[in-house]
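Please open the structure in your viewer and keep the sequence beside it. The stops below can be selected one after another.

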Amino acid sequence: MANRITHQIGCSMVAWCFLLATPTASAQVVTMQLDTSTIAIGDQTQLTIAASRGITQSNGSFVWPVFGDTLNGGLELLRLLSTDTSLTELESGESAFAVSKTFLVTCWDSGLVAIPPVTLLWNQDSLSSNP
């Protein structure tokens, strides 16, 4: 389609890796990232939400939100592509347990789409990515 309308998804979401840690020395981290900063209306792209915690922390698990078919902000979730668990290293050098979920998403609106924070639970703590 020669006259494809493209639009920005967030403010350069390729670079979006937002972190918010609990008061206990940034041991838990949540990030959200799209694999592109612009898409044509109706095209598909991948959204990855990842959570990590230091392996020396107490036992527990991340509780993920239940997503409907659309995220606040207008991205439509088409399907869950993968869930991955790995061992990684935090900026502090501490080893961390990481879980990520990758979704196939699309958008049907033109213009800027801002995705609000995604909040996960770790035991009693709420962990959010930044908008």
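Predicted model: local features only at pLDDT ≥ 70, side-chain atom pairs only at ≥ 80, totals over all residues.

Residues are numbered from 1 along each chain as its sequence is written, and side-chain values use heavy atoms, with hydrogens and water left out.

**First stop: the four-stranded sheet**

Strands here are DSSP runs of E with at least two residues, numbered from the N terminus, and two of them pair if DSSP finds at least two bridges between them. Select S2, S4, S7 and S6, which in that order make up an open sheet with antiparallel pairing. Strand S2 (28-34) and strand S6 (76-89) stand at its edges with a single partner strand each, so one side of each is left without a neighbour in the sheet. On average, and with direction ignored, neighbouring strands of this sheet are turned by 15 degrees against each other, where the axes are lines fitted to C-alpha atoms and angles run from 0 to 180 degrees between N-to-C directions.

Next, select strand S4 (residues 44-54) together with strand S7 (residues 95-106); the two run antiparallel and are joined by 11 bridges. One place to look is Thr48, whose bridge partner in S7 is Thr102.

**Second stop: the three-stranded sheet**

Now select S5, S8 and S9, three strands that form an open sheet in the order S5-S8-S9 with antiparallel pairing. S5 and S9 are at the edges and have a single partner strand each, so one side of each lacks a neighbour in the sheet.

Strand S5 (residues 62-63) pairs with S8 over two bridges: Phe62 has Trp122 as its bridge partner, and Val63 stands opposite Leu121. On the S9 side, S8 pairs over four bridges, and there Trp122 stands opposite Asp125.

**Last stop: the turn at Asn123**

Finally, select Asn123, which lies in the loop between strand S8 (119-122) and strand S9 (125-128). These two strands form a hairpin with two residues between them, and Asn123 in the turn has a positive phi of about 50 degrees. Asn123 counts as partly exposed because its relative accessibility is 38%, and partly exposed covers the range between buried and exposed, the latter being over 50%.

Conventions:
Buried < 20%, exposed > 50% of the residue type's maximum accessible area, 1.4 Å probe, protein only.
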